[in-house]
Amino acid sequence: MKLFVGLGNPGRQYENTRHNIGFNVIDALSNRFNIPLNQTKFKGLFGSGIVKGEKVFLLKPLTYMNLSGESIRPLMDYYDIGIDDLLVIYDDLDLPTGKIRLRQKGSAGGHNGIKSTIAHTGTQEFKRVRVGISRPQNGMAITDYVLGRFLDEEQADMDQAVQKACDACGEWLEKPFLQVMNTYNQ
């Protein structure tokens with residue numbers, strides 16, 4: 001089994017904001033894998049299906065970013081999904097807009113959704129796909145920036161990053177994560 005979790009905030013006002021890039025990747029995976037997100041349980045919106053012979057779960061926590069772990073942990077417990085089969089997709093201020101970086105483990109790096117995930121799983125040792133959104137310019141507040149939408153000139157790079165993140169997720173169903181990391185972290 002594999003669990004793909006995209007971090008974001010529920011509600012129309014947060015759609016297509018920088019902080020919701022994890023949700024965008026899950027929506028794209030839903031289309032690519034033909035897994036509808038049609039179940040509301042575990043404080044999240046999720047779906048499941050079989051992809052390349054593997055049972056796959058897609059989850060968008062509806063707890064708001066800072067409480068994401070409250071959705072992830074109960075789903076993992078209910079379906080007996082191990083930490084080795086969890087992959088979390090989220091925005092990263094420290095990567096250039098549109099770049100992705102895969103990691104096998106690590107700290108929260110100031111990201112509240114990851115802090116919550118670590119707190120509820122009890123470990124930092126879960127796989128991640130970080131999607132770069134860059135840092136704000138001109139002294140803009142971080143909160144305003146991450147809850148803002150992408151500029152027109154950023155949108156093509158972000159669309160490409162979503163597809164690249166989906167490609168990496170798909171490859172993980174067939175290859176060891178370290179091999180996928182070596183391919184996408186160039």
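User: Where does Gly6 sit?

Analyst: The place of Gly6 is in strand β1, where helices (H or I, at least four residues) and strands (E, at least two) are DSSP runs, numbered from the N terminus. This is a predicted model, in which local features need pLDDT of at least 70 and side-chain atom pairs count only at pLDDT 80 or more, while totals for chains, interfaces and linings use all residues. Residues are numbered from 1 along each chain as its sequence is written, and side-chain values use heavy atoms, with hydrogens and water left out.

User: Is Gly6 buried or exposed?

Analyst: Gly6 counts as buried because its relative accessibility is 0%; buried means under 20% relative accessible area, exposed over 50%, and partly exposed in between, with a 1.4 Å probe and protein chains only.

User: What is Gly6 in contact with, leaving aside its neighbours within four places in sequence?

Analyst: With those neighbours left aside, Gly6 is in contact with Gly22, Phe23, Ile26, Leu59, Lys60, Pro61 and Ile89, contact being heavy atoms within 4.5 Å.

User: Changing topic: which residues of α2 are buried?

Analyst: In helix α2, which spans residues 69-79, the buried residues are Gly69, Ser71, Ile72, Leu75 and Met76. They lie on the same side of α2, because they cover an arc of only 160° around the axis, the arc being that of the directions from the helix axis to the C-beta atoms. An α-helix has 3.6 residues a turn, so residues three or four places apart point the same way.

User: And what do the buried residues of α2 pack against?

Analyst: Their packing partners are β1 (2-6), β3 (44-51), β4 (54-61), β5 (86-92) and α3 (112-121). After α2 comes Asp80, whose phi is positive, near 55°.

User: How many aromatic pairs are there?

Analyst: The structure holds 10 aromatic pairs, where rings of Phe, Tyr and Trp (its six-membered ring) pair if their centres lie within 6.5 Å, and planes under 30 degrees apart count as stacked, over 60 as edge-to-face and the rest as tilted. One of them is tilted: the rings of Phe42 and Phe46 have their centres 5.6 Å apart and their planes at 50°. Both Phe42 and Phe46 are buried.

User: What about Phe46 and Tyr79?

Analyst: With ring centres 6.4 Å apart and planes at 65°, Phe46 and Tyr79 form an edge-to-face pair. This pair links distant parts of the chain, since Phe46 is in strand β3 and Tyr79 in helix α2, 33 residues apart. Tyr79 is partly exposed, with a relative accessible area of 25%, whereas Phe46 is buried at 0% relative accessibility. Ring pairs also link Phe42, Phe46, Phe57, Tyr78 and Tyr79 into a cluster.

User: OK, on to Asp92: where is it, and is it buried or exposed?

Analyst: Asp92 lies in strand β5, and at 11% relative accessibility it counts as buried.

User: Which side chain does Asp92 make a polar contact with?

Analyst: The side chain of Asp92 makes a polar contact with that of Arg130, at 2.4 Å; a polar contact is a pair of N or O atoms within 3.5 Å, where within protein one must be able to donate a hydrogen and the other to accept it, and residues adjacent in sequence count only if both atoms are side-chain atoms. Leaving aside its neighbours within four places in sequence, Asp92 is in contact with Arg130, Val131, Gly132, Ile133 and Ser134.
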